[in-house]
Amino acid sequence: MFQKSFIPHKGYWSSPFSRWQMSFQNINSIELGAATTRKFLETRGYEAAMFDGCVLGMTIGQKSWFYANPWFCAMMGNDRISGPTVSQACATGATSIYTACMGLESDTYQNMLVATTDRCSNGPHTIWPNPKGPGGEVISENWLMDNFNQDPYGKEAMVKTAENVAADNGGVSKEESDAMAVRRYEQYLMSTADDSAFQKEYMIPVDVKISKKKTITVEADEGISPCTPEGLAPLKPVVPGGCISFGAQTHPADGNAGLIVTTKEKARELSQDKSVTIQVLSYGYARAKKAHMAAAVTPAAEMALAKAGLEVKDLSAVKTHNPFTVNDIIMGRLMGIPGDIFNNYGSSMVFGHPQGPTGTRCTVELIEELIKLGGGYGLFAGCAAGDTAAALVIKVN
Ligand SMILES: CC(=O)SCCNC(=O)CCNC(=O)[C@H](O)C(C)(C)COP(=O)(O)OP(=O)(O)OC[C@H]1O[C@@H](n2cnc3c(N)ncnc32)[C@H](O)[C@@H]1OP(=O)(O)O
């Protein structure tokens, strides 16, 4: 259990998430992440110079990625720091926060910025030299779609691994999957109600230069598909005989999210409301059996809860990275998570999945939900490529 890792009240942000090939598609995610971080620091009245280290989380190669962390830090306003770059597929958000906590717990750092940023749009198409191929013929890889469609070890598409987990756990019907998609969409609408009052608590609008003369400001998530029973019913399962249609899974997106991990004293100094204390209590991870990615979420969550000395009955809110409806259906069944605390205000199935920032945004929303509830314990958990998962437990006083 962590003892020394605190997050200031409002010391966190998320950009809007923009469906791939929409407004953020032409911007290097390291540059967009740094620009949004600068805006976050200005909005909150923080100095970039206060950080003694930065954890940068990202999963999709961008031009000049070799210099990612020091380049990012210089662009966000502090060219005297750097730190680890974390790339752990869809567990990058939780693991970046964990990495910053380890910096605090070991007294290596005192005031760390965690920044996660990714762009699924216009993903890299890599050419690998292959001198022993026929005539030196190259090997090529489409970073996004090739990896969605096959794990090099498990040999299955990600959606098929979710169907495998459904089959192992008593089955999930198409109707049950559709009902979960509709429920998650309705919960997302809680965050856009009242002129997006919930989202405005943490969302930093993003300026996008679309031509020499024109800059637009993106203030809200882009490309969200409404989920209704009538809209989902005619969609066929992606895997024949399965339950998950295109409407019951996340969409690739672009965006960034981040937060400050610091000492209890510094967190209080940086907090907007000094009566609010936010602490990271624990981290959990797991790997499920081959080609069963969604099955890793429950043991990762159970590990984080055990490390914090908590049980499901102690939780006030649960958030997940849920790329497929099956993730939440099976986790809910196995852990007995009450429906009314499970993914209120949105989840990645609806607002999209830019990979690195997804878990960070979920954690930021979890903190805001716990504050609205007047405090409590919260769990974030989510699956990641390679049949893995990661989880965090947060406490808000
Ligand atoms: C560790 C992890 O995080 S694993 C997760 C990693 N990420 C993934 O695996 C990505 C999962 N998602 C996908 O793979 C995507 O669905 C993609 C990329 C394959 C397809 O994306 P797109 O081509 O943009 O599909 P699109 O959103 O258009 O949906 C396909 C169809 O379903 C329809 N549809 C999608 N959502 C809905 C909805 N909620 N209601 C009604 N219809 C819908 C669309 O209208 C479209 O219909 P059309 O073909 O008649 O136009």
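## A tour of pockets, helix and cores

Begin at the second largest pocket, which holds about 160 Å³ of space; a pocket here is an open set of points on a 1 Å grid over the protein atoms alone, with protein on both sides within 12 Å along at least five of seven lines, and its lining residues have an atom within 4 Å of a point. Grid points are joined across faces, edges and corners, and the volume is the space filled by probe spheres set on the points. This is a predicted model, in which local features need pLDDT of at least 70 and side-chain atom pairs count only at pLDDT 80 or more, while totals for chains, interfaces and linings use all residues. Residues are numbered from 1 along each chain as its sequence is written, and side-chain values use heavy atoms, with hydrogens and water left out.

To see the lining of this second largest pocket, select D195, S196, Q199, K200, M203, P205, E219 and A220. The lining divides into 3 nonpolar, 2 polar and 3 charged residues, where Ala, Val, Leu, Ile, Met, Phe, Trp, Tyr, Cys and Pro count as nonpolar, Asp, Glu, Lys and Arg as charged, and the others, Gly among them, as polar.

Next, colour the two domains, whose bounds come from an automatic or database domain assignment: domain 1 is 6–122 + 209–221 + 250–270 and domain 2 is 158–196 + 277–396. Their centres, taken over C-alpha atoms, are 22 Å apart. Domain 1 brings 39 residues to the contact and domain 2 brings 33, with contact meaning heavy atoms within 4.5 Å.

Now move to the largest pocket, with a volume of about 1,100 Å³. Helix α4 gives the most, with 6 residues; helices are DSSP runs of H or I of at least four residues, strands are E runs of at least two, and both are numbered from the N terminus. The lining comprises 25 nonpolar, 15 polar and 3 charged residues.

From there, select helix α5 (residues 158–168), where 8 of the 11 residues are buried, that is, under 20% relative accessible area with a 1.4 Å probe and protein chains only, exposed being over 50% and partly exposed in between. Among the buried residues of α5 are M158, T161 and E163, and the cover over the buried ones includes α4 (143–149) and α10 (325–335). Just after α5, look at G170, which takes a positive phi of about 90°.

M158 and T161 also belong to the lining of the largest cavity, together with residues including N147, D151, M293 and D387. A cavity is a set of grid points where a 1.4 Å probe fits but cannot get out, and this one contains about 60 Å³ of space.

Finish in the largest nonpolar core, where, of 90 residues, M331 and L379 touch the most other members; such a core is a set of buried Ala, Val, Leu, Ile, Met, Phe, Trp, Tyr and Cys residues joined through side-chain atoms within 4.5 Å. Strand β15 (residues 388–396) gives the most to this core, with 7 residues. Centre on M331 and, leaving aside neighbours within four places in sequence, find its contacts, among them V297, I337, F342 and L379. Apart from this core lies another of 22 residues, including F40, A48, M76 and L270.
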